[in-house]
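Let's take a walk through this protein together, one piece at a time.

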Amino acid sequence: MIKISHPTGILKGRFKLPSSKSISNRLLIIQAVSDLDFKINNLSTAEDTEILFRLIQSTDSELHCGDGGTTMRFILALLCLRGSDCLLTGNQRLLERPVKPLVDALNSLGATIDYVNQPGFPPLRIHPSSLHSGIISIDSSLSSQFISALMMIAPMLNDGLVIHLKGKIVSQSYIKMTAGLMKQYGINVIAEADRIIVPAGNYVSKNITVEPDWSAASYWLQAAVFSTECDFVLEGLSTKSLQGDAIAAEIIKDFGVSCENTQKGLRIIKLQHKVPEAFFYNFTNTPDLIPAFAILCAALGIESHLTGTETLKGKES
């Protein structure tokens with residue numbers, strides 16, 4: 001057992017978070033799809049992002065995605081758009097993560113993708129092909145990454161793409177993030193309850209700075225609850241964010257912690273020692289927040305009911 005303690009329990013100062021991996025990965029794909037040389041400041045240094053960056057540049061016949069599900073799914077759509085001829089694989093954990101809904105959708109749009117081993121899972125053999133526009137349906141109950149991957153390549157198809165979402169929509173905040181970034185780059189995505197319309201068009205060039213990561217921020221909010229006193233700033237972070245995980249600022253209020261936007265970043269203040277009798281929350285749209293709040297409730301010894309956890313079994317960790 002490892003025990004971690006703080007000599008005073010007081011948290012003060014200014015802290016810098018890692019940049020958002022989710023935003024970084026989407027920007028890399030938008031840049032690759034558009035073939036525009038805009039500048040991405042504060043790009044994530046996470047391994048998934050670094051691997052994705054290398055794969056986008058690579059001309060190798062075998063591409064290894066490591067453990068990254070986002071990396072695998074985003075690069076698959078890009079490779080099919082490019083008409084590449086290669087093998088796409090990854091570490092053992094990645095080979096256990098499903099990819100069938102995306103493969104089926106891409107094949108219906110003209111791609112030729114074969115499973116090397118187990119149907120529905122990587123490794124994948126991608127053959128040269130040419131994608132066309134269409135109206136497709138996709139199972140949205142497994143991962144929003146399938147949908148985001150299709151959305152980002154859709155403007156390059158002659159007449160765009162219409163995506164009908166079947167079943168329960170999970171991690172919807174990430175679909176909204178993709179749509180929000182695409183709109184910033186000139187594509188007027190229409191995201192309805194169960195349908196996404198992406199018109200054909202050209203992305204525009206625009207330099208951008210990646211936001212700090214709200215998933216990482218959730219652990220600082222957790223630390224604020226455990227502190228005896230806290231007043232600190234997470235530099236550059238704001239509740240006015242593309243990231244759905246920014247809802248953590250609202251959730252943490254129930255635990256006596258306040259989050260305030262300032263010019264320097266998000267100010268975190270512990271207002272009172274407050275512990276709810278029980279904690280109920282549906283994390284369907286923001287599953288990456290579950291670890292922090294599950295641990296928070298367990299450490300506080302309070303009853304918790306965390307729903308919307310279905311996608312966790314398919315995550316890297």
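How many aromatic pairs does the count come to? Keep in mind that this is a predicted model. The count comes to 11 aromatic pairs, where two rings pair if their centres lie within 6.5 Å.

Start with F38 and Y185. Their ring centres sit 4.7 Å apart and their planes make an angle of 35°, so this pair is tilted; planes under 30 degrees apart would count as stacked, and over 60 as edge-to-face. Now look at where the two partners come from. F38 belongs to the loop between α1 and β2, while Y185 belongs to the loop between α7 and β9. That puts them 147 residues apart, so to speak on distant parts of the chain that the pair links. Are these two buried or exposed? Both F38 and Y185 are buried.

A second pair is made by F283 and F293. Here the ring centres are 6.1 Å apart and the planes are again at 35°, so this pair is tilted as well. F283 is in the loop between β15 and α10, F293 is in helix α10, and 10 residues separate them. F283 has a relative accessible area of 0%, so it is buried. F293 comes in at 1% relative accessibility and therefore counts as buried; the cut-off is under 20%.

Next, on to the helices. In α2 (residues 47-57), the buried residues are D48, T49, I51, L52, L55 and I56. Viewed down the helix axis, they fall within an arc of 160°, so they line one face of α2. The buried residues of α2 pack against α1, β3 and α3. Over on the other side of α2, E47, R54 and Q57 are exposed.

Helix α3 (residues 69-82) tells its own story. Of its 14 residues, 12 are buried, so α3 is largely enclosed by the rest of the structure. Among them are R73, F74, I75 and L76. After α3 comes G83, which has a positive phi, near 75°.

Definitions and conventions
Residues are numbered from 1 along each chain as its sequence is written. This is a predicted model: local features need pLDDT of at least 70, side-chain atom pairs count only at pLDDT 80 or more; totals for chains, interfaces and linings use all residues. Side-chain values use heavy atoms; hydrogens and water are left out. Buried means under 20% relative accessible area, exposed over 50%, partly exposed in between (1.4 Å probe, protein chains only). Helices (H or I, at least four residues) and strands (E, at least two) are DSSP runs, numbered from the N terminus. The arc is that of the directions from the helix axis to the C-beta atoms. Contact means heavy atoms within 4.5 Å. Rings of Phe, Tyr and Trp (its six-membered ring) pair if their centres lie within 6.5 Å; planes under 30 degrees apart count as stacked, over 60 as edge-to-face and the rest as tilted.
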